[in-house]
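I opened the notebook to record what I looked up in this structure. The entries follow the order in which I checked things.

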Amino acid sequence: MKKVILAVLCALCTTAALAQDAKRGWQVEIKKLAFDLTSTEVQNAQDYQGFSDARLTSDSQTAVRGSWDSIADYHAEHFLWNNELTMDYGRTKIRPVNGETLTNENADKILFTTGYTQRLWHVDDFLGGFEAGPFANIGYETEFTKPDNAPRTRILRAMAGAKLFEGKYLKSLYAAIVGERDFTYEPYASKLAWETGFKLELPVREGVIFKWDAMYRDYLDTTETHPTDLDWEFETNARLDVQVYKNLYVAPFVSYYTAQGKYIGPRGENVYIGVSVSFSHIFHAAK
């Protein structure tokens, strides 16, 4: 028994020593500022409707999408305090040859989260190294604009669980219990769910990084029922950041989201594929 206790103590001491080598202080960073814009302007298209050249007969349209991901994290010896703000907005405006202008939002989300992670273990020789420990965070999700046929999203969300984090390749891998207070629809609802997700960053070659993240959330219970309640939702994003000049990147990407409504037969899906120009910058690096 004494040998077992000594072995555990030695392992804990080794873990503590490894953890002391991890970075310390504030890490303030714009992880991604991306912007996509396409515009097609067609003049006098109504006079050319009998022509076979689509460049003369097509509808005028403008598509714009922007995204922002920034962090302000504090690295201490025994804990990590995370603060993250992500924003995503996309809109397409179509001006038909004959008809009213149509505007369609294809992305609209603002999410701020703050959380605490205990740094219990540090692994050096597996999957490029990572840390591990329990965590808890709280976040608020809303939108830039109110949809025409629905109220603005307003959700207060808290979660607690365990995760692997701060690795060379594995930036995050977690499982958690989630509690939500949904102020979107009246009467307001309190919801219970479980969630898992990951973030990976894999260097391909110098100046090229493959980034992949995914999230799955399964709703278990709610205090109020609404026709818009979800049974589960899944989201994944993959991008290949290619450095063009210093902090400027060109990134082909694909984003996929799907969800199953509790009271709807088929599940909904959204696929977005494109190429974005993005910028990143570290204002202050943890040492």
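How does asparagine 44 count by relative accessibility: buried, partly exposed or exposed? I looked it up in the model, which is a predicted one. Asparagine 44 has 45% relative accessibility, so it counts as partly exposed. The cut-offs I needed are under 20% for buried and over 50% for exposed.

Entry on backbone angles. I found asparagine 44 in the loop between strand E1 (25-40) and helix H2 (54-57). Its phi is positive, about 60°, although asparagine 44 is not a glycine. I then noted lysine 246, another residue other than glycine with a positive phi, here near 50°. Lysine 246 sits in the loop between strand E11 (230-245) and strand E12 (248-261). With 56% relative accessibility, lysine 246 counts as exposed. I wrote down the background as well: most residues other than glycine have a negative phi, and most peptide bonds are trans.

Entry on a peptide bond. Which residues does a cis peptide bond join? I found glutamate 186 and proline 187, with omega at about -5°. Proline 187 is placed in the loop between E8 and strand E9 (189-205).

Entry on the whole chain. I counted two helices and 13 strands. The C-alpha trace spans about 90 × 50 × 30 Å along its principal axes. The chain has 287 residues, and 32% of them count as buried. The chain exposes about 17,100 Å², and carbon and sulfur atoms supply 61% of that area. I also looked at contacts between residues at least 6 apart in sequence, and 56% of these join residues at least 24 apart.

Entry on the core. Which residues make up the largest nonpolar core? I listed eight: Phe135, Met159, Tyr174, Ala176, Val178, Ala193, Met215 and Tyr219. Strand E8 (170-182) and strand E10 (208-222) are the elements that give two or more residues to this core. E8 gives the most, with three residues. As general background, nonpolar side chains in soluble globular proteins tend to be buried together.

Leaving aside neighbours within four places in sequence, methionine 215 is in contact with Tyr174, Glu195, Thr196, Gly197, Glu233, Phe234 and Glu235.

Is arginine 157 buried or exposed? Arginine 157 has 8% relative accessibility, so it counts as buried. Arginine 157 lies in strand E7 (residues 155-165). Apart from neighbours within four places in sequence, arginine 157 is in contact with Leu111, Asn137, Ile138, Gly139, Glu141, Val178, Gly179, Glu180 and Arg217. I also checked arginine 157 against tyrosine 116, which is 41 residues apart from it along the chain, and their C-alpha atoms are separated by 15 Å.

Entry on cavities. How many cavities of 30 Å³ or more are there? The count comes to one. The volume of the largest cavity is about 50 Å³. I listed its lining as Lys191, Tyr219, Asp221, Thr222, Asp229, Leu230 and Lys262. E10 supplies the largest share of this lining, three residues. Sorted by type, the lining residues are two nonpolar, one polar and four charged.

How values were computed
Residues are numbered from 1 along each chain as its sequence is written. This is a predicted model: local features need pLDDT of at least 70, side-chain atom pairs count only at pLDDT 80 or more; totals for chains, interfaces and linings use all residues. Side-chain values use heavy atoms; hydrogens and water are left out. A nonpolar core is a set of buried Ala, Val, Leu, Ile, Met, Phe, Trp, Tyr and Cys residues joined through side-chain atoms within 4.5 Å. Buried means under 20% relative accessible area, exposed over 50%, partly exposed in between (1.4 Å probe, protein chains only). Helices (H or I, at least four residues) and strands (E, at least two) are DSSP runs, numbered from the N terminus. Contact means heavy atoms within 4.5 Å. On a 1 Å grid over the protein atoms alone, a cavity is a set of points where a 1.4 Å probe fits but cannot get out, and a pocket is an open set with protein on both sides within 12 Å along at least five of seven lines; lining residues have an atom within 4 Å of a point. Grid points are joined across faces, edges and corners, and a volume is the space filled by probe spheres set on the points. Ala, Val, Leu, Ile, Met, Phe, Trp, Tyr, Cys and Pro count as nonpolar, Asp, Glu, Lys and Arg as charged, and the others, Gly among them, as polar. Accessible areas come from the Shrake-Rupley method with a 1.4 Å probe; for residues, only the protein chains shown count as cover.
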